Amino acid sequence: MVDDDRDRRPWYRQIGKARWKAFGGAWIGYLLDGFDFVLITLVLTEVAEEFGLDPVEAASLVSAAFVTRWLGGAVLGAIGDRYGRRKAMVVSIWLFSLGTLACGFAWNYESLFAARLVIGLGMAGEYSASATYVMESWPARLRGRASGFLVSGYSMGTVLAAEVYSVIVPEHGWRWMFYLGVLPVVVALWVRRALPEAEDWEEAVAETATRPGPFRPLFTGRRRAGVNMLLAALALASLFGVFAGRSGGATVALSVLAGTIMVVFAVQLGGRSGWTLHLGLIVTVFAAFLYSWPIQALLPTYLKTELGYTPEQVAQVLYYAGFGTMAGCWMSGFTGDRFGPSRAYAWTLSASLAFVFPVFAVQDDLPLLGVLLFVLQALGFGVSGLLPRYIGGHFPTVRRAAGLGFTYNVGALGGAVAPVLGTRLAQGMTLGTALAVLTFGLSLAVVVLVGFDVPRRLHRWNEPGAVDHLGERKNR
């Protein structure tokens with residue numbers, strides 16, 4: 001299809017059946033990804049009771065999936081760049097589906113933590129593969145909508161999980177929630193057979209007549225390859241020690257070690273001209289996860305422990321939150337195309353600040369809490385639907401999946417820090433107050449980083465003339 005700016009048909013008719021089919025497959029993958037990933041947050045209190053976990057140990061089960069996300073995002077992103085977006089999508093769905101099934105058979109804290117590590121690998125790959133797949137299949141001027149609409153699938157998955165939780169857990173226990181996790185494998189088989197490859201990727205490979213190798217900078221020479229493999233193993237071991245509570249008093253040292261290794265990889269992958277871009281995007285995403293994931297991970301715990309809500313009431317509140325996030329994703333798609341991703345993100349997130357503390361001031365009025373949470377999630381978390389468009393626009397096609405996968409999922413370690421940080425703050429204040437403080441403070445930081453487009457400014461300082469790679473080819 002030709003992407004023609006002069007096409008006067010409604011935007012949804014300009015997409016075409018093939019592109020809508022591609023979007024549908026990726027959207028279902030995101031829905032199932034959201035369903036599988038948030039299950040642990042819904043059953044955290046039940047799991048903690050069965051395994052005798054304290055609040056910090058329980059929160060670390062949420063963090064576990066983030067330990068391996070950086071590796072999954074990088075490896076599966078590289079697979080997407082080298083062998084195609086569709087193959088990376090299939091592998092990622094298999095990983096997070098089988099990891100979720102394994103959670104249902106966990107016999108103790110350690111086995112459940114290990115299963116969550118597998119989920120993290122798959123979720124990271126799903127994010128980078130599906131995002132690049134959809135955006136490279138849609139017209140350049142509509143890729144804000146492609147990004148926002150796609151991420152709404154994740155929110156729908158959380159709503160579906162809440163509904164299943166309210167029906168399954170009271171009658172059958174928490175394990176049955178995870179047994180359902182094998183169902184997305186059917187979708188993976190359909191994706192492999194029925195969907196075409198992304199247009200931009202096929203064109204880029206055809207033009208260069210070579211298969212991209214985005215990780216080549218890490219393996220130029222036997223010595224460098226050996227050192228980098230050792231660093232990757234050290235990073236995984238350090239993150240495991242920190243988030244599994246096995247640091248032995250060396251939490252700060254291990255955290256610094258893991259962070260330093262991520263910086264080393266970012267500098268090598270970015271090269272002389274792009275290392276500032278990689279680091280700027282990682283810091284931005286890290287802060288974004290720190291403001292959004294305290295609520296995403298610990299809201300069910302807050303509702304059940306501090307407000308005394310039943311599973312059915314928790315499900316009702318999560319409906320408001322999930323649909324609010326979906327509405328925000330849809331809205332961000334239109335505003336991102338109209339005003340640009342960075343401007344739309346900053347202004348929308350700024351508006352969300354007015355609703356943070358009111359959400360945690362409501363006690364016994366469930367409808368009011370639901371409405372406030374709907375608006376907060378729409379403005380604060382739903383706007384993250386623009387992140388794939390915002391990040392992907394910094395990378396050319398041949399390095400987009402790996403670049404997006406690495407920077408986003410290294411930054412996503414903020415999601416691992418967020419629930420643990422929230423529970424530790426709650427030891428000196430109520431959990432609701434801790435969540436409000438984290439959300440408000442880090443939202444301000446992201447407003448500054450995205451509003452002033454710090455990653456792109458750093459990139460242009462280091463590489464004058466840098467372009468928006470998702471908008472540079474408007475007529476294909």
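Does Thr-301 count as buried or exposed, and at what relative accessibility? At 16% relative accessibility, Thr-301 counts as buried, where buried means under 20% relative accessible area, exposed over 50% and partly exposed in between, with a 1.4 Å probe and protein chains only.

## Basis of the model

This is a predicted model, in which local features need pLDDT of at least 70 and side-chain atom pairs count only at pLDDT 80 or more, while totals for chains, interfaces and linings use all residues. Residues are numbered from 1 along each chain as its sequence is written, and side-chain values use heavy atoms, with hydrogens and water left out.

## Largest pocket

The largest pocket has a volume of about 640 Å³. Leu-239, Val-242, Phe-243, Ser-255 and Val-417 are the closest to its centre among the 29 residues of the lining. A pocket is an open set of points on a 1 Å grid over the protein atoms alone, where a 1.4 Å probe fits, with protein on both sides within 12 Å along at least five of seven lines; lining residues have an atom within 4 Å of a point. The volume is the space filled by probe spheres set on the points, which are joined across faces, edges and corners.

Two or more lining residues of the largest pocket come from each of α4 (55-67), α12 (222-243), α13 (251-305) and α20 (413-425). Helix α13 gives the largest share, 10 residues. Helices are DSSP runs (H or I, at least four residues), numbered from the N terminus. By class, this lining has 18 nonpolar, seven polar and four charged residues; Ala, Val, Leu, Ile, Met, Phe, Trp, Tyr, Cys and Pro count as nonpolar, Asp, Glu, Lys and Arg as charged, and the others, Gly among them, as polar.

## Second largest pocket and Thr-301

The second largest pocket has a volume of about 250 Å³. Its lining has 15 residues, and those nearest the centre are Pro-55, Thr-301, Thr-305, Thr-423 and Leu-431. Helices α3 (44-51), α4 and α13 each give two or more residues to this lining, which divides into nine nonpolar, five polar and one charged.

Thr-301 is in helix α13.

## Salt bridges

The count of salt bridges comes to seven, each being a side-chain nitrogen of Lys or Arg within 4 Å of a carboxyl oxygen of Asp or Glu. In the pair Arg-85 and Glu-136, the closest N and O atoms are 2.7 Å apart. Arg-85 lies in helix α6 and Glu-136 in the loop between α7 (109-135) and α8 (143-172), 51 residues apart. Arg-85 is buried at 0% relative accessible area, and Glu-136 is buried at 0%. A network of salt bridges links Asp-81, Arg-85, Glu-136 and Arg-400.

Asp-337 and Arg-145 form a salt bridge at 2.8 Å, N to O. Asp-337 is in helix α14 (residues 311-339) and Arg-145 in helix α8, so this pair ties together parts 192 residues apart in sequence. Asp-337 is partly exposed at 23% relative accessibility, whereas Arg-145 is buried at 12%. Arg-456 and Asp-453 form a salt bridge at 3.2 Å, N to O; Arg-456 is buried at 11% and Asp-453 is buried at 14%.
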